[in-house]
Amino acid sequence: MRIRIVDAFTDRPFAGNPAGVLLLDAFPDDDRLQRVALEVNHAETAFAHPLPAGGEADWALRWFTPATEVAMCGHATLATAHVLRTTGAHEGPVRFATRSGVLVATPHEDGSVTLDFPTAPLTPVETPAGVAEALGAAPLTVLDTGPNIGDLLVEVADEGTVRALTPDHKALGAHSERGVIATARADDPAQGYDFVSRCFFPNVGIDEDPVTGSAHTALAPFWSGRLGRPALTGLQASPRSGLVRTELRGERTLLSGSAVTVIEGELLA
């Protein structure tokens, strides 16, 4: 099996969020998929195989962290669409059958890809006891992001606060299904982004995710509501960093970004 490592939500190598991508004829058993994902040891490894023509989707797609299978992953979906386009395995928009329904990825001539994902439902909640201490900052707003994402979305005072966070990852894990998205408005939108975020997902084996597409299905409606514009750009301020362009379309959110293949090889085991 060919295996590729793709950096997603970036146009340069060694930035963005790396994902393993394997194009298969069919899915092997779950234990083998999990073992491969653990060996790859990136935030997610994507496994895809083609589906019969004439159905509602073109490819089946699953995502695994080193610890578990997840219901939704933006950067590994972008990485898979990038591999399908660059290898010629699929031309034009591709429909993926996933645990979160059919997700469409549309490649563009400039090499970028737009993902069509469900918008996360946001529900304001009281700040859970201990979240401020675990995160290391006082929340201004806390929202539940619904079952597909499974995070707490936490707004903090400003961009500098987001960048300076050094959370207690183990303590954060007690407060949500997957983890916590910390966010703030950009200090200077002239720098090319409207809001910043960082994502901490200890419950799926990822202390800090470099760039999280799925989180932006919650960040997009939150910041579009605040800023009054459907189209925004988010900077995920992790050490690797990456940009996600978002466009809110009601119950759907478009996520756009670029990707770069950095490693290609053969899985021998």
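A: The side chains of Arg198 and Glu208 meet in a salt bridge, with N and O 2.8 Å apart. The term denotes a side-chain nitrogen of Lys or Arg within 4 Å of a carboxyl oxygen of Asp or Glu. This is a predicted model, in which local features need pLDDT of at least 70 and side-chain atom pairs count only at pLDDT 80 or more, while totals for chains, interfaces and linings use all residues. Residues are numbered from 1 along each chain as its sequence is written, and side-chain values use heavy atoms, leaving out hydrogens and water.

Arg198 belongs to strand S13 (residues 195-201) and Glu208 to strand S14 (residues 206-209), so their pairing ties together parts that are 10 residues apart in sequence. Strands (E, at least two residues) and helices (H or I, at least four) are DSSP runs, numbered from the N terminus. Arg198 counts as buried at 7% relative accessibility, whereas Glu208, at 23%, counts as partly exposed. Here buried means under 20% relative accessible area, exposed means over 50%, and partly exposed lies in between, for a 1.4 Å probe and protein chains only.

The structure holds 15 salt bridges. In general, side chains of opposite charge can pair when their charged atoms come close. One group, made up of Asp30, Arg62, Glu69 and Arg99, is linked in a network of salt bridges.

Arg226 forms a salt bridge with Glu155, their closest N and O atoms being 2.8 Å apart. Because Arg226 lies in helix H6 (residues 216-227) and Glu155 in strand S11, this pair ties together parts that are 71 residues apart in sequence. Arg226 is partly exposed, with a relative accessible area of 43%, while Glu155 is buried, with 9%.

Arg178 and Asp151 also meet through their side chains in a salt bridge, at 2.6 Å from N to O. Arg178 is in the loop between helix H5 (169-172) and strand S12 (179-185), and Asp151 is in strand S11 (residues 151-155), so the pair ties together parts that are 27 residues apart in sequence. Both Arg178 and Asp151 are buried.

Asp151 leads on to Thr145, which lies in the loop between strand S10 (141-144) and S11. A polar atom of the Thr145 side chain is 2.9 Å from the backbone oxygen of Asp151. This is judged as a polar contact: a pair of N or O atoms within 3.5 Å, where, within protein, one must be able to donate a hydrogen and the other to accept it, and residues adjacent in sequence count only if both atoms are side-chain atoms. Thr145 is buried, with a relative accessible area of 1%. Leaving aside neighbours within four places in sequence, Thr145 is in contact (heavy atoms within 4.5 Å) with Ala120, Pro121, Leu122, Gly150, Asp151, Leu153 and Ala218.
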